[in-house]
Amino acid sequence: RSQILAQIRKERVTIIHGETGCGKSSRIPVMLLEDAQANNRRCKMMVSQPRRIAASSLMKRVRQTLGMKVGLRMGHGVKDEGDETNIYFVTTGYLVRLLAFNPEAFENHTHIIIDEVHERSIDGDVLCYLVKQLLFKHQSIRVILMSATIHTDLYASYFSDVLDYGGSIESLSV
């Protein structure tokens, strides 16, 4: 926990590789929020999932722990959130459209987590491109790429030119 949090605080892009079922998707967002609250820091994040059912089921699971601090947003106007929501589970497609048409919406976000990044799709590839552009505009936002089967070097290389604007890319295995 402390190593993951320190790494994410220090680096602009963090790649987390962990076995299926180790809790990456449900525990990393909770750790980030709890750490921010314990240190009186702002925390607002989007956690993308490639499928609607994954986004919905993760939101329900994490909400059991954190209540309405956890919300859901998907296409076709699907929203389940409250005024106190800090963690938004979203579909990859929803996040792509939001970044493409409303990038200023991320000015007050602290983290973007792209889960299952190894699941290559047009939405997933476009999301990586748009997130990379967002990193150039918003110096304080942190990006976490997560997967059970990821080609770390490929993603580290893709995001490496962000380093010219500060920070670095690190990979962790959990």
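# Close-up views of a predicted protein model

**Overall view: the whole chain.** Residues 24 or more positions apart account for 71% of the contacts in the protein with a separation of 6 or more, a contact being heavy atoms within 4.5 Å. Please keep in mind that this is a predicted model, in which local features need pLDDT of at least 70, side-chain atom pairs count only at pLDDT 80 or more, and totals for chains, interfaces and linings use all residues. Residues are numbered from 1 along each chain as its sequence is written, and side-chain values use heavy atoms, with hydrogens and water left out. The protein has six helices and eight strands, taken from DSSP runs (helices H or I, at least four residues; strands E, at least two) and numbered from the N terminus. Reading from the N terminus, the order of elements is α-β-α-β-α-β-β-β-α-β-α-β-α-β. The radius of gyration is 15 Å, close to the 16 Å that the globule rule gives for 174 residues, so the protein is as compact as a globular protein of that length. Here the radius is taken over C-alpha atoms, and the rule is 2.2 Å times the number of residues to the power 0.38. The C-alpha trace spans about 40 × 35 × 30 Å along its principal axes.

View 1: Of the 174 residues, 51% count as buried. In these legends, buried means under 20% relative accessible area, exposed means over 50%, and partly exposed is in between (1.4 Å probe, protein chains only). The accessible surface comes to about 8,500 Å², and carbon and sulfur atoms hold 49% of that area. Such areas come from the Shrake-Rupley method with a 1.4 Å probe; for residues, only the protein chains shown count as cover.

View 2: Helix 1 covers residues 2–10, and Ser2 belongs to it. Its buried residues are Ile4, Leu5, Gln7 and Ile8. Down the helix axis these buried residues fall within an arc of 160°, so they line one face of helix 1; the arc is that of the directions from the helix axis to the C-beta atoms. As a reminder, an α-helix has 3.6 residues a turn, so residues three or four places apart point the same way. Turned away from the buried side are the exposed residues Ser2, Gln3 and Lys10. Ser2 itself is exposed, with a relative accessible area of 62%. From Ser2 to Leu66 it is 64 residues in sequence and 20 Å in space, C-alpha to C-alpha.

View 3: The structure holds one aromatic pair. The ring centres of Tyr158 and Phe159 are 5.1 Å apart and the planes stand at 90°, so this pair is edge-to-face. Rings of Phe, Tyr and Trp (its six-membered ring) pair if their centres lie within 6.5 Å, and planes under 30 degrees apart count as stacked, over 60 as edge-to-face and the rest as tilted. Phe159 is buried at 0% relative accessible area, whereas Tyr158 is partly exposed at 31%. Take a look at Lys132 too: it lies over the face of Tyr158, at 4.1 Å from the ring centre. A charge sits over a ring if NZ of Lys or CZ of Arg is within 6 Å of the ring centre and within 35 degrees of the ring normal.

**View 4: Ser48 and Thr92.** Ser48 is in strand 2 (residues 45–49) and is buried, with a relative accessible area of 0%. Not counting residues up to four places away in sequence, Ser48 touches Val90, Thr92, Leu95, Ile113, Ile114, Asp115 and Leu127. Thr92 has its place in helix 4 (residues 92–101) and is buried at 9%. Leaving aside neighbours within four places in sequence, Thr92 is in contact with Ser48, Gln49, Pro50, Asp123, Gly124 and Leu127.

**View 5: Arg97 on helix 4.** Arg97 is found in helix 4, where its relative accessible area of 43% makes it partly exposed. Beyond residues up to four places away in sequence, Arg97 touches Gly75 and Asn102. Arg97 and Leu127 are 30 residues apart in sequence and 9.0 Å apart in space, C-alpha to C-alpha.

**View 6: two loop residues with positive phi.** His76 lies in the loop between strand 3 (70–74) and strand 4 (78–80). Phi of His76 is near 60°, a positive value in a residue other than glycine, and His76 is exposed at 82% relative accessible area. Glu116 is in the loop between strand 6 (111–114) and helix 5 (122–137). Although not a glycine, Glu116 has a positive phi of about 55°; at 23% relative accessibility, Glu116 counts as partly exposed.
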